[in-house]
Amino acid sequence: MQIKIPFIDLWSQHLPLMSEFSQAIQEVIESSAFAGGPFVAAFEKDFAAYCDVPYAIGVGSGTEALWLSLLACGVGTGDEVITVPSTFMATAEAITYCGARPVFVDVDEQTYTMNPDALKHALTPKTKAIIPVHLFGQPSDMDPIMEFGCKHGLYIIEDACQAHGATYKGKRVGTFGDTACFSFYPGKNLGAFGEAGAIVTSSAELDEKIKILRDHGQQRKYFHSVVGWNCRMDGIQGAVLRIKLRQLEAANQRRRSHAAQYDVGLRECDGVITPVQASYARHVYHIYAIRVSDRDETIKCLADQGIATGVHYPVPVHLQEAYQALGYAPGAFPIAERCAAEFLSLPMYPELTHSQVEQVIQGVKETVTGGVEV
Ligand SMILES: Cc1ncc(COP(=O)(O)O)c(C=O)c1O
């Protein structure tokens, strides 16, 4: 009998923790600490320790984390911020919402993260910051990016929304930039029960600025020193995330072992390019994306076998309709464009079993070669 394999299965992740969640949520309700408050503060303390930084600031989403980071670094109208087109739209949106202009550089063909050699071509007197994106859970090549940023006096904001717990040369992502931004969207490696995000930083000054910005620009209730916004994290999300954070290392380890199984199973498969873990990286496989030339057909054949897949992302950000006014034409970033046409994300979540991964491997082989290997 064919067993269906979903793309992600949050229920099986949450089921064993249900009584802990119920108790924690009841405590939030009993104390009425719904917006910010002690449950968020406790999570912030634990998440800062996990990321090996002094400060973490809980906010409403990863998008808000990016936006507030840029605002706190003083990025505004007339500035340019360099990032990559191989990312979720939010990275660029946050730049636009500060009044600045996103400027893109292509990605590296092996790692799918920012090509540091391309930065010099994008630099102008208006450049104020760089946002490298740790796409799919693979850290960007931070040393040359940091060196370039230091040389030119630029802020570095890590988009770590897909990379909770990944390391670069043995150090956690989030310890490199002026700030790093995390999303706790439910499907992320660390996911909330709704929308949530966090900023981590080693700068006491940025920590203070961001804490004020996320709370209507107020340091004291009803005394507003700057114009801010409401970006506070919900108390329930803080309480849930604190429980789930304790499982993150084991969950990442399981993702890595599924990735290793996929790597071996698909290595010899003609027509499939498997992801490469950079020599400097501990990849945490938020997404396991292979590349295939006939993606639509592959998706259909896998769906016929009960295997769900995803595409992250079908259109690179510089070619999105919303960014037509930036004036980028097809061909501007050939690697990002080729990847967008070929990426196919396979099921990836900690609770997958060895035999499910094997079923996906056989499914892909059958699809691309027209027959299962025995
Ligand atoms: C790379 C990247 N940046 C930013 C975001 C935005 O995070 P959120 O959805 O929590 O606003 C995401 C979320 O998917 C993301 O994957």
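Trainee: How many cavities of 30 Å³ or more does a search of the whole structure find?

Mentor: The search finds 2 cavities of that size. Please bear in mind that the model is predicted.

Trainee: What is the volume of the largest cavity?

Mentor: The largest cavity holds about 60 Å³ of space.

Trainee: And which residues line the largest cavity?

Mentor: Its lining consists of Pro-85, Ser-86, Thr-87, Leu-135, Phe-136, His-312, Tyr-313, Val-315, Pro-316, Ala-336, Ala-340 and Phe-343.

Trainee: How does that lining divide by class?

Mentor: The lining of the largest cavity has 9 nonpolar residues and 3 polar ones, with no charged residues.

Trainee: What about the second largest cavity, what is its volume?

Mentor: The second largest cavity has a volume of about 40 Å³. Among the residues that line it are Thr-111, Tyr-112, Gln-138, Pro-275, Val-276, His-283 and Ile-287.

Trainee: Where do Leu-135 and Phe-136 come in?

Mentor: Leu-135 and Phe-136 are in the lining of the largest cavity, and they also line the second largest cavity.

Trainee: Which classes make up the lining of the second largest cavity?

Mentor: That lining divides into 6 nonpolar and 3 polar residues, and no charged residue is part of it.

Trainee: Which of the elements gives the most?

Mentor: Helix 4 gives the most to the lining of the largest pocket, with 3 residues.

Trainee: Which residues lie nearest the centre of that pocket?

Mentor: The largest pocket is lined by 25 residues, and Phe-88, Tyr-185, Lys-188, His-286 and Tyr-313 lie nearest its centre. Tyr-313 also lines the largest cavity.

Trainee: How many of the lining residues are charged?

Mentor: In the largest pocket, 4 of the lining residues are charged, with 11 nonpolar and 10 polar.

Trainee: What is the volume of the second largest pocket?

Mentor: The second largest pocket has a volume of about 230 Å³. It is lined by 14 residues, and those nearest its centre are Gln-13, Leu-17, Gln-247, Ala-251 and Glu-351.

Trainee: Which helix gives the largest share of that lining?

Mentor: Helix 10, residues 248-266, gives the largest share, 5 residues. By class, the lining of the second largest pocket has 7 nonpolar, 3 polar and 4 charged residues.

Technical notes: Residues numbered from 1 in each chain as written. Predicted model: local features only at pLDDT ≥ 70, side-chain atom pairs only at ≥ 80, totals over all residues. Heavy atoms only, no water. 1 Å grid on protein atoms, 1.4 Å probe; cavity = no way out; pocket = protein on both sides within 12 Å on 5 of 7 lines; lining within 4 Å. Points joined across faces, edges and corners; volume = space filled by probe spheres on them. Nonpolar A, V, L, I, M, F, W, Y, C, P; charged D, E, K, R; others polar. Helix = DSSP H or I, 4+ residues; strand = E, 2+ residues; numbered from the N terminus.
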